[in-house]
Amino acid sequence: MRDIKMEDYDMLVKINDERDIVVARQMVKDFAKRMGFSLADITKISTAVSELARNIFRYAGSGFIYIRENTGEEKEIEIAAVDKGPGIENVEAAVEAGFTTSKGSLGLGLSGVRRLMDSFFIESEVNRGTVVIVTKRRRTF
Amino acid sequence: MKQKIVNNMDILLEELHKITGRKAKWEEFLVSFMESYDSDAYEKKMRDSLANLVEEFKLSDIARGLDRIGEKIEGFPAGEVLRQVLQVADHALEEKNMVIKELKEVLAELATPTIRIWKDVVVAPLIGTLDSERAQSMAERLLEFVADTRAKVVIVDVTGVPLIDTIVGGFLIEMFNAVKLLGCEVVITGIKPSIAHTLVKLGVDFNMVTVKRDLESGLRYAISITEKEGKGAV
Amino acid sequence: MKDRVVTTIKLYNYLIVPVQIELDDSTVEAMQRQILSEIEEKAIEGVIIDVSLIDILDSYISYSLSETAIMAKMMGCDTVICGMQPHVALTLAQMGVNMRGIIFAQDLEDALSKLVKAREHS
C-alpha cells in the first residue's frame, strides 16, 4: 500500500464524524481558492473531496484527507484520502460502476470523483484499507 | 583589447558567420561592446544589442560565438557576456509567455461569443476545434452568461465546428445538461452531415436537447416557446 | 412539528423551501422527511426548493433531492429546483449526475410559472 506521510502535505483533515464531511469540503474550498483556481474548479475539487470524505465515513468509519499544492511547470492541487477500513474487493467495479448512489453501495461517487479531477489513483486491500489520490491542474485561462 | 577587436574585426566576423550564418548582428554587438565597455551605460547598451542577438540566433550558437571571440581576443569577458545573454534570454522568454497567455485568453473569448439575440434567448455559435481546456472554459462562460441574463433558451450553433469527436461530444452533452439544471432549454443547430454521421457512429446522441437544422429555424422555435411560456405565467 | 430543519413558506397550494443551511447527510435526510410530511399535512401540490445559496451539491445530496421529488410525485406533487449556481450545475453535469423527476427553474418566479404549467398538464 502507498505510504502517505503527513509531513509531505500542507493540510490534514480527520474524518471521524458526519460533520467532518462538511468541514473537509469547506477546508479544501479555501485551500483551492488561495491557490487561484476558478470558481467552477473550486466547486469541482470540493465536491470531489465531499465524495471522498463520505466514502471514508461510510465504509471505514474514520480516516484522513491530506491536501497539498504541487508546484512544477503547472500548479496543481493533490488530495489523498486514506483509511484503514475494510477495503474494496473489486476496485475496478467500484470506480467503473456507473453511478450507484444507493445507500450502502460500494464505491459511492468514486466514478464522479474521477470525472471531476485530472488524475485518479486508487489502491485498496481487503481488511487493510484504501488510498485514493487525485490531482487537478490549475488552468491558465 | 578594444584595438585588438578593431584589428581583428574582419576575421572575427568571418568566424562568427561560419557559426551562425549571418554577421550583421554580431558586428552591431561588437561595435556597441567596444563603445560602451568601461562606461556607465555598459549594462544598458549591452542589453539592447544582446536582445538583438537573442532574437536572431540560437542560444547555443551565441555561446559558441562568444567563446570564439574569447579565444581570439585576449581579455574578452566571454563568461560575463554569456551571463548577460542568459538574463536577456530569460526576460525575452517571460515576455513571450505573457503574450501567449494573453493570446490564449483572447482566443478563448473570441471562440465563444454569446449573444442575447431576443428576449430570453441566447445564441452561442461555436467556432473552431475544441480541446478539453477550451471546452471547459467555454462551458463556464456560457453558464455564467445564461445565469446572468436569465435566458430561457440557449441556441448552440455548431456550423463553425469542423469536427466533433467522442470527447467533444461528451463535453457538449455535459454542457447541455448543466444548462438544463439552470432551468434553461437547449437547442442545437447546424450539425453538418459528416458530423451527424460521426456522432451516430460514435454512439453520441443529443436526445436530451432539441435539434433544429439551422440557426433560423432554431431561433424561430426558441421565440415560439418563450412567448408561449410568457402567456402561461401566473 | 418535530424534526424541522428548514424554513418553509406555504403559498396557495405550493410549498417554498429556501435552503439556507449547509447540507450534510443527516440534514438532507431530515429535510426529506420534513417536506414529505408537510406535503401531506398542508395538501401541497407543488414544492419549490431554492438552492441559490448552496455552493456544493455532491452526488449524495443531489440523489436525496431527486429521491424526494420522486416520493413527492407519488403523493401527487411536483418538485421544482430553482436558482442553482452555474458552477454547481457544471460540477453535477461533469459527474454525470442524473436528477430524475425534477423540474429546473431559474428563480422563484420561473419556478411558479413552470409549476402552474405542470399542473395544467396533469
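Predicted model: local features only at pLDDT ≥ 70, side-chain atom pairs only at ≥ 80, totals over all residues.
Residues are numbered from 1 along each chain as its sequence is written, chains are lettered from A, and side-chain values use heavy atoms, with hydrogens and water left out.

Reader: In what order do the strands of the open sheet in chain B lie?
Author: Strands are DSSP runs (E, at least two residues; helices are H or I, at least four), and two of them pair if DSSP finds at least two bridges between them. The edge strands, each pairing on one side only, are E1 (115–118) and E5 (210–212) of chain B. With mixed pairing, the five strands of chain B have the order E1-E2-E3-E4-E5.

Reader: Why is E3(B) largely enclosed by the rest of the structure?
Author: Buried means under 20% relative accessible area, exposed over 50% and partly exposed in between, with a 1.4 Å probe and protein chains only. E3(B) is largely enclosed because, of its eight residues, the number buried is six.

Reader: Which residue is the bridge partner of B:Thr189 in E5(B)?
Author: Strand E4 (residues 185–189) of chain B runs parallel to E5(B), and three bridges join them. In E5(B), the partner of B:Thr189 is B:Lys212.
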